[in-house]
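Let's take a walk through this protein together. Have the sequence and the 3D view ready, and follow along from one stop to the next.

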Amino acid sequence: MSERPSSPLAGTPTQPGLYAPARLASLAALLILTLVLGTAAMLHVSYRDTLRQEQTTLRNLAIAFAAQSQVVVQAVDQALRQVERGYRPAADGQVQRLVYFDEEGPAREYLLGLHVFGPDGRLLASGVPQGAARPAPAAPAGALTQPDGLRIGITAVDRRTGRGIIEVVRPLRDREGRRIGSILAEVDSEQFERIYSLVELGEGGSVTLLHRDGTMLVRGPTLPMSIGRSFAHTPLFKKHLPARPRGDFDTISPVDGLARLYGYDAVGNYPLVIITGMNKSAALAPWYGRLWTAASLLTLVCLALAFLAWRVARDTRRQQTLIARLEASEAQAGRSAGYLAAILNAVRTPIWVLDGARQLVVWNEAFTRFVGRTPAELAGRLESEVLDPAGAAERERRYALVLGTGRTDEALATVEDGAGDARSVIQQTSQLLDASGQVQLVNLLTDITERERAEAHLAYLANFDDLTGLPNRNHFRHLLEAELADAAAKGAGLGVLVVSLARLHEISDLLGHETGEAALREIGRLFQSQLPRAVGVARIKSNEFALAVHAHHGRGELEEFAQALHGRLSSPFTVNGREFFLEPRVGVSLFPDDGHSADELFRRAESARNRSGADGDTIHFFSESAQDDLDERLTVEAQLRRALERGELRMVYQPKVALGSGRIVGFEALLRWNSAELGEVSPARFIPLAERTGLIVPIGAWVLQESCRQLARWNADGAQLKVAVNLSPRQFDQKDLVAMMKRCIEATGVDPAALEFEITETALMRREGEVDALLHAIRALGVELSIDDFGTGYSSLAALKHFPVQRLKIDRAFIRDLGRDEDSAAIVRSILNLARNLKLSVVAEGVETEEQLLILRTLACDDYQGFLFSRPVEADQVPALVESNRAVPA
């Protein structure tokens, strides 16, 4: 058995200088120096890697937030463009209501309001979300001088919360491209702040939206005192952003002077930039841990020189601690990736990232829903395999353009989703770098299919009635213009009919709204059946329709068509077993006799329709004379409406004389109008117009007040006169008539017994029950009442006995024929006998001859008035007339 050879060192004596303190110290110093240098080099590399990793993360976050912000701003911009396309100035100058918030829209959840301003800053149109009550903002400055494109700013900043209203302003142009104002959208900055606050970037971390001019708009977390403040002087705007639209940097924060890391990205083509930041100390926290670990390790190595085994064990433990901390750092990075995934999944538009081979790297849940795949089915797949393979070539062409220019590409395309449905989309593509510096492509897809469908439906509603399917008023005008041009070229006639169904509403009133709509559809089919005899049919209002009809043989052919249509519409219309009568009224105008333009013919047909029914005839052709009468009536009405405020009305007074004594016993107050524009206007011309329009109510109040005031002045001078004032039937509808009379009597101090009110016999009989109570209330004031124009109505003896009247006034029509017509004399005699039996006095109106006066005296009439004694006189002539009358012996 051979011996095991001994160790070379076995039995070797220890060399004295090998472990000498100096040598050990030198070896230890050399070892420590080596370790220090190695550790320093390692820490330096780790320092740079940590900063680069955090800056890359910040830059990618900025890109993601910029993409989301661009989606929001783009949606708001599209809303502004939609308002610009649909806006039409109101003809009456009133503020219009914008209907954008009545429907779903991509920007609706972000908007507080949409407003249109004119060049003078006046609000033209406005819209706010349903249920919201917000005052309209001030007009944006420089509505006509701002440059093209959007202008974005923030106002109404709350210094406690830092929230404000982001205003997005776009110039408003008319169809010729002229700038006529501006459109302003209000966006709540809280919408952005809520999104930006989703990411936790550690102490001092923030996501900020700034304007390209340096103004801070939104910050998450909020920083109230800095919102609205300009940071144009900072390195971002002075150095980095002008050089590159996307990047990262580190600098001293202009807010609190701390060192921070930043990543930034410009928001597409908009004047906005997203910047994400975090404290440099927070970013280097893992590195500081490694730094202290290395320092501790060095310390331990120095201490472990004396005991190698313990040192090895200690080094092992330290290495395990370092590994654990590295794992913790990786876990933190994983959580950061989770935050990013949460942000992407919060976005409702599809987002996906491709590598150089066009493989899917990152995607959000919206993308999986769009392509109809699960996340497991998307992992490692090529984009062309999961997203619309037919469009892959076109997408590749755009990707090459983005990679070649470095710019963001935005394209409108049609893409098939996972269900095979064609969707209209806007695809936005930008490039970014991953942590290793490899170029990737980030894509964002905005589905605008529903918006395009809504726009198509709105375009339909702009030209057709949604209920009947007939052209609407606007489309009918275009049809009529085309037919007029054809008729003019051929020298042919063309008729325009406007038909209103006056009692159509009775169907809905009785059977309900749905049945009414069904009836309207049936009526629409009836009008549709007039084609092709009618070349155009339309529903222009709820109960109005219009037709364009060839009239090659002139008016007779058109009249025959109108009568046939009227006959069909006049027949009983059966709905749910009930018969209804529509009561059609037809107005007709004829080209070229009644006009040459579509608007003129349509307007004149409407004018003719408005006259139908008034005289019992339900078909009316346009008449120039009727148009002139209407023009004159409207002119008189327009002037009459301002007659009171202009002081053009005045009172004259016609005396009433006792037949027995010849003395003046009172006056009737009569209204006169001297218009500055029309001159002296006859009462027969303007009193019926005042009755019809209701102007007689304020005019009647003025007449009573003026008459009472004048009567009070005369009687204050000892005249002891009575004045009769006419009451209009329209005044009976005045709820405070009696109260107004009482106030007037009390205010002027006139004796009620000196005041008399005249009411026509026709007005009394028309509303006998209502008038009876009113007359008793008026009589209770102490005034007298008389029935005017007696003999022209149909008074009954019972009514005369019941009414609290003191006097009858015989209508001038019976007085005029006294001495020439025995019937008139008999009627006057009968009225006088009736009055004596009822103990009523009688006044004869319109006495103009001595023969009439003699007959009335023979018949023992009480009083008379008329031109025989005096025409109506001005108020200042009354005292002299009374004095001269009293001076003559009776």
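**Charged pairs and the fold around them**

Glutamate 396 and arginine 358 form a salt bridge, their closest N and O atoms being 3.0 Å apart; the term stands for a side-chain nitrogen of Lys or Arg within 4 Å of a carboxyl oxygen of Asp or Glu. Because glutamate 396 lies in helix 10 (residues 392–405) and arginine 358 in the loop between strand 12 (351–354) and strand 13 (360–363), the pair ties together parts that are 38 residues apart in sequence. Helices (H or I, at least four residues) and strands (E, at least two) are DSSP runs, numbered from the N terminus. Glutamate 396 is partly exposed at 34% relative accessible area, whereas arginine 358, at 16%, counts as buried. Here buried means under 20% relative accessible area, exposed over 50%, and partly exposed in between, with a 1.4 Å probe and protein chains only.

Before going on, a word on what you are looking at. This is a predicted model, in which local features need pLDDT of at least 70 and side-chain atom pairs count only at pLDDT 80 or more, while totals for chains, interfaces and linings use all residues. Residues are numbered from 1 along each chain as its sequence is written, and side-chain values use heavy atoms, with hydrogens and water left out.

Now zoom out. The protein has 28 helices and 33 strands. Its radius of gyration is 48 Å, well over the 29 Å that the globule rule gives for 890 residues, so the protein is more spread out than a compact globule. That radius is taken over C-alpha atoms, and the rule is 2.2 Å times the number of residues to the power 0.38. Along the principal axes, the C-alpha trace spans about 185 × 70 × 50 Å. Of the 890 residues, 45% count as buried. Take the contacts (heavy atoms within 4.5 Å) between residues at least 6 apart in sequence: 60% of them join residues at least 24 apart.

What about charge? The protein carries 99 positive and 112 negative side chains, and the centres of the two sets lie 8 Å apart. Lys and Arg count as positive and Asp and Glu as negative, with His and the chain ends not counted; each charge is placed at NZ of Lys, CZ of Arg, CG of Asp or CD of Glu. Side chains of opposite charge can pair when their charged atoms come close. In this model the count comes to 43 salt bridges.

Two further pairs are worth a visit. Aspartate 256 bridges to arginine 260, with the closest N and O atoms 2.8 Å apart. Aspartate 256 is partly exposed, with a relative accessible area of 39%, while arginine 260 is buried at 6%. Glutamate 680 and arginine 650 meet in another salt bridge, at 3.4 Å from N to O. Glutamate 680 lies in strand 26 (residues 679–681) and arginine 650 in strand 24 (residues 649–658), so this pair ties together parts that are 30 residues apart in sequence. Both partners are partly exposed: glutamate 680 has 46% relative accessibility, and arginine 650 has 27%. Elsewhere, salt bridges that share partners join Lys656, Lys722, Glu756, Glu784 and Arg807 into one network.

Next, follow the backbone. Which peptide bond is cis, with omega about 0°? The bond joining glycine 220 and proline 221 is, and proline 221 sits in the loop between strand 8 (216–220) and helix 3 (235–243). The peptide bond from phenylalanine 591 to proline 592 is also cis, with omega near 10°; proline 592 is found in the loop between strand 22 (584–591) and helix 16 (598–611).

Aspartate 388 has a positive phi of about 35° although it is not a glycine. Aspartate 388 is placed in the loop between helix 9 (383–386) and helix 10, and it counts as buried at 10% relative accessibility. Glutamate 583 has a positive phi near 50° and belongs to the loop between strand 21 (578–580) and strand 22. At 32% relative accessibility, glutamate 583 counts as partly exposed.

Finish at histidine 566, in helix 15 (residues 555–570). Is this residue buried or exposed? Histidine 566 counts as buried, at 15% relative accessibility. Leaving aside residues up to four places away in sequence, histidine 566 touches Pro584, Val586, Thr618 and Ile619.
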